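Thanks for coming. I will take a few minutes to walk through one structure, starting at a single residue and then stepping back to the whole chain.

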Amino acid sequence: MRFGYFLNERQGPDPLGALRDDIAQAAEDGFASAWLSHIFGLDALTALAVAGSQVPGIELGTSVVPTYPRHPAALAQQAMTANAALGGRLALGIGLSHQVVIEHMFGLSFERPYRHMKEYLDVLLPASRGEQVKAAGETIRADVRLTTPGAGFPVLIAALGPRMLKLAGTVADGTVLWMTGPKTVAEHVAPTITAAAAEAGRPAPRIVCALPVCVTDDPAAAVERANEIFAVYGTLPSYRAMLDREGAAGPGNVAVVGDEESVLAQLERLRQAGVTDFVGATFAERERTRELLIGASKGS
């Protein structure tokens, strides 16, 4: 299992400089990858291209870029450009986002999200490989061939439900998860996406599992703190469904918390469940937690 680090967007006069420093520290610490969310701050692809181009060696991923606001050919062009800037180190994570964001904030339709993602990938995947695209879906159409440098990078889908996981396994390179615990990975995510990839004759998919993590002597307090910080994710239907599958009351109940021995045991359980990449989102006792993750990364 590879270890990655979740980057936190920092406020201040030079957020891109701070991001560059954080990526450099993650690379120096030996993490295999570093991941940046795309929410309402920095544009993740642009930020990683600018900051990450100054730091060699480490894979840089988006977790995740919402699809609805961007035509897939336009996203392919942007991602190819970012990948060129990064020397081929991009992992493009994409996702539907959530109905409350797409409809209420952007004013777009969130109707039939599976259809949207399937049609989106029918354009994005060949376009990002520099191939001629001719697609005429119900909602997405394209007749284009990009000449952008940087073609060819892994595309991961924020797939949680059965149909989306099957789609990810069939045509993409894997999935990137959030708020999804080991029981759900072992019983739902890994078998569904792996079987779909095998049936399609594709390589075993990546299962990138990002979770809050805290090494502490007071796990109850850490769980409570995680429930406070990540409360919104317990209210969003897609993540709520994963928490319910896990039997988790809230986000804190899937956070990886405890002392060093306990956290290592939980990480091992994730590995055995089928996780190929663990991405730690530190939220308390950051230095102690980071030290454990560094050690685990070097020992993996």
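**Starting from one arginine**

Arginine 115 sits in helix H5, which covers residues 113–128. This is a predicted model, so please keep that in mind throughout. Is arginine 115 buried or exposed? Its relative accessibility is 15%, and because the limit for buried is under 20%, arginine 115 counts as buried. Setting aside residues up to four places away in sequence, arginine 115 touches Glu138 and Thr139.

Arginine 112 is in the loop between helix H4, residues 99–105, and H5. Its phi is near 50°, which is a positive value in a residue other than glycine. Arginine 112 counts as partly exposed, at 45% relative accessibility.

A second case of this kind is glutamate 285. It is not a glycine either, yet it has a positive phi of about 45°. Where is glutamate 285 found? It is in the loop between strand E12, residues 277–282, and helix H11, residues 286–299. With a relative accessible area of 39%, glutamate 285 is partly exposed.

Staying with the backbone, the peptide bond from serine 63 to valine 64 is cis, and its omega is near -5°. Valine 64 has its place in the loop between strand E3, residues 59–62, and strand E4, residues 65–66.

One more loop. Glycine 252 lies between helix H9, residues 237–246, and strand E11, residues 256–258. At 1% relative accessibility, glycine 252 counts as buried. What does it touch, not counting residues up to four places away in sequence? The answer is Val223, Ala226 and Asn227. Glycine 252 is also 9.9 Å from proline 219, C-alpha to C-alpha, although 33 residues separate the two in sequence.

Now the whole chain. Its secondary structure comes to 11 helices and 12 strands. For 300 residues, a compact globule would have a radius of gyration near 19 Å, and the protein chain has 18 Å, which agrees. Along the principal axes, the C-alpha trace spans about 55 × 40 × 40 Å. Of the 300 residues, 53% count as buried.

Contacts in the chain can be sorted by distance in sequence. Taking those between residues at least 6 apart, 74% join residues at least 24 apart.

Next, the interior. In soluble globular proteins, nonpolar side chains tend to be buried together. Here the largest nonpolar core has 103 residues, and the ones that touch the most other members are Ile23, Leu92, Leu124, Leu267 and Phe278. Strand E10, residues 206–215, gives the largest share of this core, with eight residues.

Phenylalanine 278 is worth a look on its own. Which residues is it in contact with, leaving aside neighbours within four places in sequence? The list includes Met1, Arg2, Phe3 and Gly4. Also among the contacts of phenylalanine 278 are Cys209, Leu211, Val213, Leu267 and Leu293.

Last, the surface and the charges. The accessible surface of the protein chain comes to about 12800 Å², and 52% of that belongs to carbon and sulfur atoms. The chain has 26 positive and 32 negative side chains. The centres of these two sets lie 8 Å apart.

That is the tour, and I am happy to take questions.

How values were computed. Residues are numbered from 1 along each chain as its sequence is written. This is a predicted model: local features need pLDDT of at least 70, side-chain atom pairs count only at pLDDT 80 or more; totals for chains, interfaces and linings use all residues. Side-chain values use heavy atoms; hydrogens and water are left out. Helices (H or I, at least four residues) and strands (E, at least two) are DSSP runs, numbered from the N terminus. Buried means under 20% relative accessible area, exposed over 50%, partly exposed in between (1.4 Å probe, protein chains only). Contact means heavy atoms within 4.5 Å. The radius of gyration is taken over C-alpha atoms; the globule rule is 2.2 Å times the number of residues to the power 0.38. Accessible areas come from the Shrake-Rupley method with a 1.4 Å probe; for residues, only the protein chains shown count as cover. Lys and Arg count as positive and Asp and Glu as negative; His and the chain ends are not counted. The place of a charge is taken as NZ of Lys, CZ of Arg, CG of Asp or CD of Glu. A nonpolar core is a set of buried Ala, Val, Leu, Ile, Met, Phe, Trp, Tyr and Cys residues joined through side-chain atoms within 4.5 Å.
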